[in-house]
Amino acid sequence: MQETLNYINENKQRFVDELFELLRIPSISADPAYKNDVLKCADVCAEHLKNAGADHVEVCQTKGYPIVFGEKILDKSLPTVLVYGHYDVQPADPLDLWKKPPFEPYIEKTELHPEGAIFARGSADDKGQFFMHLKAFEAMMKTNALPCNVKFILEGEEEVGSVSLGDWVNENKEKLACDCILISDTHIYSNEQPTVTTGLRGLSYVEVEVEGPNRDLHSGLYGGAVPNPIHVLSRMIAKLIDEEGHITIDGFYDNVDVVSDDERAEMNKLKDNPEEFKKSIGLNGVEGEKGYTTLERTSIRPTLDCNGIWGGYTGEGAKTVIPSKAFAKISMRLVPYQTPEEITEKFTRYFEKIAPDNVRVKVTPHHGGMPYVLPSDTKEFFAAKKAMETAFGKEVLPYRSGGSIPITAMFEKVLGAKSVLMGFGLDSDAIHSPNEHYGLFNFYKGIESIPLFFENYSK
């Protein structure tokens with residue numbers, strides 16, 4: 001293994017240079033204008049897999065964007081690790097808030113990244129993180145240190161809901177047969193306190209519509225006598241959460257997993273710094289469900305948030321209207337044992353129940369996903385914990401994340417394998433936001449940790 005680590009150290013600059021080439025490709029899956037760039041990115045990923053030493057590399061067509069597959073089978077009697085990542089990225093808007101163009105990567109030192117961070121769309125989510133696996137694999141191949149079989153799937157639709165992945169995985173169960181799945185699309189608690197993610201929240205995402213009059217009305221002629229859909233919708237949204245941060249939807253908490261006091265004590269060993277938390281996002285105070293810490297509110301408790309609201313006139317200048325309709329997008333993060341189907345149904349019934357009689361409401365479900373938990377007493381967890389402790393030289397703790405990766409539950413159901421969520425980003429990396437970045441320290445620690453995971457898991 002030391003020879004592998006030496007190889008990594010000797011090739012650090014080349015690894016970054018190659019990542020820069022990947023980051024220059026604007027592989028935005030949500031915007032059809034970038035279709036050719038997404039397809040180009042798939043081909044470039046396939047080329048990197050081949051150059052690293054993978055066999056049977058394919059760019060597999062789907063109903064949407066292709067999935068890149070490759071493998072190295074040393075001996076069928078050895079365990080097999082399936083590595084997952086995604087090469088598509090979020091749109092870069094708003095462009096005017098970026099310090100430099102989002103697809104022209106550069107390195108800049110920051111307070112959290114004194115060694116420098118790579119700034120570019122996709123640097124942390126997920127090109128920088130899945131590229132660690134390709135380079136770690138290359139290092140193991142070049143030094144004859146790969147201890148088990150490995151397979152790779154890199155998809156191009158994660159940022160739009162992985163719409164083709166489920167069908168493709170179901171159609172290729174034998175090709176993808178594995179003992180565990182390794183994913184780096186999450187973050188650690190901090191560089192001083194590395195963690196392995198042991199839980200993700202699920203998701204129910206809906207769009208709501210409130211309709212009042214049959215057309216936009218003159219606010220002078222009709223104001224004060226008719227319901228304004230924006231006002232009505234705002235009041236309805238305000239009713240969804242009470243003053244103690246409790247979600248008011250009937251039956252919302254019926255199936256919520258009750259986390260034991262011991263487990264809550266364990267997770268709160270992480271050094272929760274409220275002042276640093278507030279400072280990092282420019283707030284003077286925090287809020288949330290009464291009786292829970294910030295760590296607990298963002299991991300083991302379900303939530304409801306309005307993600308966007310609109311209606312009426314929002315263009316330049318003034319237009320004095322009472323709008324006919326108002327809209328909002330609402331997401332609910334779920335915990336075991338809630339399901340998106342159950343929560344979407346309960347939300348719809350409750351939203352219709354609290355609507356006044358003088359408006360019409362409509363709820364349109366969008367995508368959802370199941371929660372996921374990797375118990376911290378499994379061989380998969382211990383292999384990741386030990387690998388990161390060796391690389392970081394620090395104790396590694398379990399950490400439940402508030403985000404959602406719906407494919408983890410699908411992988412377990414279809415392939416019968418647990419997913420190890422061994423991410424290396426920080427929650428301050430501004431993923432999905434302007435000036436996304438990924439620390440060089442984190443990038444290199446990931447490449448060092450991955451071969452150690454393979455070694456530990458094989459043993």
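The side chains of R360 and E211 meet in a salt bridge, with 3.5 Å from N to O; a salt bridge is taken as a side-chain nitrogen of Lys or Arg within 4 Å of a carboxyl oxygen of Asp or Glu. This pair links distant parts of the chain, as R360 belongs to strand β14 and E211 to strand β9, 149 residues apart. Helices (H or I, at least four residues) and strands (E, at least two) are DSSP runs, numbered from the N terminus. R360 is partly exposed because its relative accessibility is 44%, and E211 is also partly exposed, at 22%. Here buried stands for under 20% relative accessible area, exposed for over 50%, and partly exposed for values in between (1.4 Å probe, protein chains only).

The model is predicted, and local features need pLDDT of at least 70, side-chain atom pairs count only at pLDDT 80 or more, and totals for chains, interfaces and linings use all residues. Residues are numbered from 1 along each chain as its sequence is written, and side-chain values use heavy atoms, with hydrogens and water left out.

The strands that carry R360 and E211 belong to an open sheet of 4 strands, ordered β11-β13-β9-β14 and paired in the antiparallel sense. Strands β11 (303-311) and β14 (360-369) are at the edges with a single partner strand each, so one side of each has no neighbour in the sheet. On average, neighbouring strands of this sheet are turned by 20° against each other, direction ignored. Axes are lines fitted to C-alpha atoms, for helices over the stretch in contact, and angles run from 0 to 180 degrees between N-to-C directions. Two strands count as paired if DSSP finds at least two bridges between them. Strands of a sheet pair through backbone hydrogen bonds, either parallel or antiparallel. Between β9 (residues 202-211) and β13 (residues 325-334), the antiparallel pairing extends over 10 bridges. The bridge partner of E207 in β13 is K329. Helix α7 (residues 229-238) lies across β9, β11, β13 and β14, and runs at about 15° to β13; contact means heavy atoms within 4.5 Å.

Another open sheet has 3 strands in the order β4-β5-β18, with antiparallel pairing. Its edge strands, β4 (106-108) and β18 (437-439), each pair on one side only. Neighbouring strands of this sheet are turned by 30° against each other on average, direction ignored. Strand β4 is joined to strand β5 (residues 117-119) by 3 bridges, and the two run antiparallel. I107 has I118 as its bridge partner in β5. Helix α2 (residues 12-23) packs on the sheet and touches β4 and β5, its direction making about 20° with that of β5.

Over the whole structure, 23 salt bridges are found. In helix α11 (residues 340-353), R349 and E345 are 4 residues apart, which means a separation of about one helical turn. These two residues form a salt bridge, with the closest N and O atoms 2.7 Å apart. R349 has a relative accessible area of 48% and is therefore partly exposed; E345, at 47%, likewise counts as partly exposed. Helix α12 (residues 379-392) holds K385 and E389, also 4 residues apart, about one turn of the helix. The side chains of K385 and E389 meet in a salt bridge at 2.9 Å, N to O. K385 is buried, with a relative accessible area of 18%, whereas E389 is partly exposed at 25%. A network of salt bridges links R14, E18, K135 and E138.

Leaving aside neighbours within four places in sequence, T4 is in contact with A139, M140, T143, A145 and P451.

On the surface, F277, I281, L283 and V286 form a nonpolar patch with about 330 Å² of accessible area together. Patches are made of residues with over 30% relative accessible area and no salt bridge; like charges are joined within 9 Å, and nonpolar side chains (Val, Leu, Ile, Met, Phe, Trp, Tyr) within 5 Å. Accessible areas come from the Shrake-Rupley method with a 1.4 Å probe, and for residues only the protein chains shown count as cover. V286 is located in the loop between α9 (274-280) and α10 (294-297), and is partly exposed, with a relative accessible area of 42%.
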